[in-house]
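Biologist: I'd like to learn how to read a model like this one. Can you walk me through it, one feature at a time?

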Amino acid sequence: MSAETTPAVSGVDDVTLYDVDNPAPVIEAPRKRTKKTPKATRTNFEMYGWLFMRLSGILLVVLVLGHLLIQLVLDGGVSKIGFAFVAGRWASPFWQAWDLIMLWLAMLHGANGLRTVINDYAERDNTRFWLKMLLYTATVFTVLLGTLVIFTFDPNIR
Amino acid sequence: MATPTLEKAESPAEVSPYITVTFRVRRFNPEVSAEATWQDFQVEIDPKERVLDGLHKIKWDLDGSLTFRRSCAHGICGSDAMRINGKNRLACKTLIKDINPEKPITVEPIKGLTVLKDLVVDMEPFFQAYRDVMPFLITKGNEPTRERLQSAEDRERFDDTTKCILCAACTSSCPVFWNDGQYFGPAAIVNAHRFIFDSRDEAGEQRLEILNDKDGVWRCRTTFNCTDACPRGIEVTKAIQEVKRALITRRF
């Protein structure tokens, strides 16, 4: 009962740090729009990205489901997969093309999806930049390595 | 007791329409504390009244320091959008009986904008996005000596998006906007749509170019939060999709 002052509005019990002349900092919204927000860049990149997601998505449904069906269900299931099985399939240009298209579409589709996730969720420009750099590096590496393997696959390797 | 009819006061029931409702309001006062806290208010209120009437009772009878915006109080000015029971609504269009008065009714400021005090947020980023889509008629050539006429079908094309009252219920319900305020947000796109599809306007191309940007319509994730939140029943997500379609058909 030492403090007989008027009770604070929201029942703050200890000594408050803030008053009329020294208000608490408000919590700013992330990356809010101001007058300085850059104006339109006049490129169609985002539109093509959006379209690519729709079109590659349709193709990937066929490619990936077909791939899973062949690999895991038909003709003995997953136990049949071995070096010989892969070598046999990649002897045909059709399956080479199938796997190549699937690799590129899936990687670019996934990378573009993650890019939008990073754009949506990373708050600071630095975090945004480095996450995207990491993503692009990983994507380019995987796509190039996969392409290299499909084209230079040697069934007689020891 | 509160009914103004004097003759019927003798009726046997004599049931008071008033019930006790708990309002759980998100309070924030930077002059007192950096923390936002919940405060409960018990209010005697007719369930046929609105949440705004409850807030008025609190402000006028219980705690004059409660701060919120309202102007017309009839769903036209768009000042009192707030998050009531976790959903963005206009306090002046939400009846107590419609949102289960048995449980405490939570009232929060709309999300994604800086809270200044209690239920008042800084609307400036929202209006900046609105300004950036140029929400005014742009034409070329000489001004006609009479009204710019338009057929009923041409008017019908953008009728839905003329209903916007700029309350920010849609923009502040958008998860993309919560995380990144650079996104134009549904309300700005709705107001761009209103002019893009207006046959009298001649700057549709310019507005489409603005919305083609990385912070424009392509950031929409079609979560339909905006359509659910709109107190005017505008099909906001549909309007955004129409702008997307216009952008694509413009190219191909």
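Predicted model: local features only at pLDDT ≥ 70, side-chain atom pairs only at ≥ 80, totals over all residues.

Biologist: Which residues touch the most other members of the largest nonpolar core?

Modeller: The general idea first: in soluble globular proteins, nonpolar side chains tend to be buried together. Here the largest nonpolar core has 65 residues, and B:A168, B:A187, B:I189 and B:V243 touch the most other members. Helix α5 of chain B, residues 186–196, gives the largest share, seven residues.

Biologist: Now the strands. In which sense does β1 of chain B pair with β2, and in which with β5?

Modeller: With β2 (residues 37–45), strand β1 (residues 19–27) pairs in the antiparallel sense over nine bridges; one place to look is B:R26, whose bridge partner in β2(B) is B:W38. With β5 (residues 105–108), β1(B) pairs in the parallel sense over three bridges, and there B:V25 stands opposite B:V107.

Biologist: Last one: how many residues of chain B are in contact with chain A?

Modeller: Interface size is often given as the accessible area lost when the parts come together. Counting contacts instead, 32 residues of chain B meet 32 residues of chain A. Elements of chain B that each supply at least two residues to that side include β2, α2 (124–132) and α8 (236–251). By type, the side of chain B that touches chain A has 13 nonpolar, 12 polar and seven charged residues.

How values were computed: Residues numbered from 1 in each chain as written. Chains lettered and ligands numbered in written order. Core = buried A, V, L, I, M, F, W, Y, C linked by C-beta atoms within 7 Å. Buried ≥ 20, exposed ≤ 12 C-beta atoms within 10 Å, placed from the backbone. Helix = DSSP H or I, 4+ residues; strand = E, 2+ residues; numbered from the N terminus. Pairing = 2+ DSSP bridges. Contact = placed C-beta atoms within 7 Å. Nonpolar A, V, L, I, M, F, W, Y, C, P; charged D, E, K, R; others polar.
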